[in-house]
Amino acid sequence: AKGGSFTLVTQNVDDLHERGGVGDTLHMHGRLTSVLCSTCQARWDWHEDISVQTRCLSCGQTTVRPDIVWFGEMPYFMEKIDAALSACDLFVSIGTSGAVYPAAGYVQIARQMGKSTLELNLEPSQGSAFFDDARYGKAGTIVPLWVEETLR
């Protein structure tokens, strides 16, 4: 829509969205192109292999790990995601099983706030009953069609 904004929240840890031209992407489960120091919490872009000998650029400790959210850890950007949900007019979920929380619960939160919800997926997700509208098929087909229709 003219003058509108777009926020992409992803559970993907790769950089395919950025390579596809999406600028501001919230990687709630971290990024493979970043590392995190378990000692001082410093993080920085990293495109090389890491090992148990890799030293933190900030504190020098050998406690560097992939900047990925492991099971049991809090996903990143929760406040920004909550703010985006509150501000949105339309919540669209694309290509997910709808089984991994907290992301799987976003459709319910959006609905409780009176937002329109749309599922674009290969098949109905586990939370498909919570969406106002749904379209099923390959993302490479249905997403461009939906975007074209929306922009008209």
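What you're looking at is a predicted model, where local features need pLDDT of at least 70, side-chain atom pairs count only at pLDDT 80 or more, and totals for chains, interfaces and linings use all residues. Residues are numbered from 1 along each chain as its sequence is written, and side-chain values use heavy atoms, leaving out hydrogens and water.

Let's start with the sheet. Strands of a sheet pair through backbone hydrogen bonds, either parallel or antiparallel. Here, three strands make an open sheet in the order 4-3-5, with antiparallel pairing. (Strands are DSSP runs of E, at least two residues, and helices are runs of H or I, at least four, numbered from the N terminus; two strands pair if DSSP finds at least two bridges between them.) Strand 4 (43-45) and strand 5 (64-68) are the edges, as each pairs on one side only. Strand 3 (residues 30-37) joins strand 5 over five antiparallel bridges; look for Gly30, whose bridge partner in strand 5 is Ile68.

Now move along to helix 4. Ile142, Val143 and Trp146 are buried there, meaning under 20% relative accessible area, with exposed being over 50% and partly exposed in between (1.4 Å probe, protein chains only). These three cover an arc of only 95° around the axis, so they sit on the same side of helix 4; the arc is taken from the directions from the helix axis to the C-beta atoms. On the other side of helix 4, you'll find Gly140, Leu145 and Leu151 exposed. And what covers the buried residues? Strand 6 (90-94), strand 7 (116-121) and strand 8 (133-136) are among the elements that do, with contact meaning heavy atoms within 4.5 Å.
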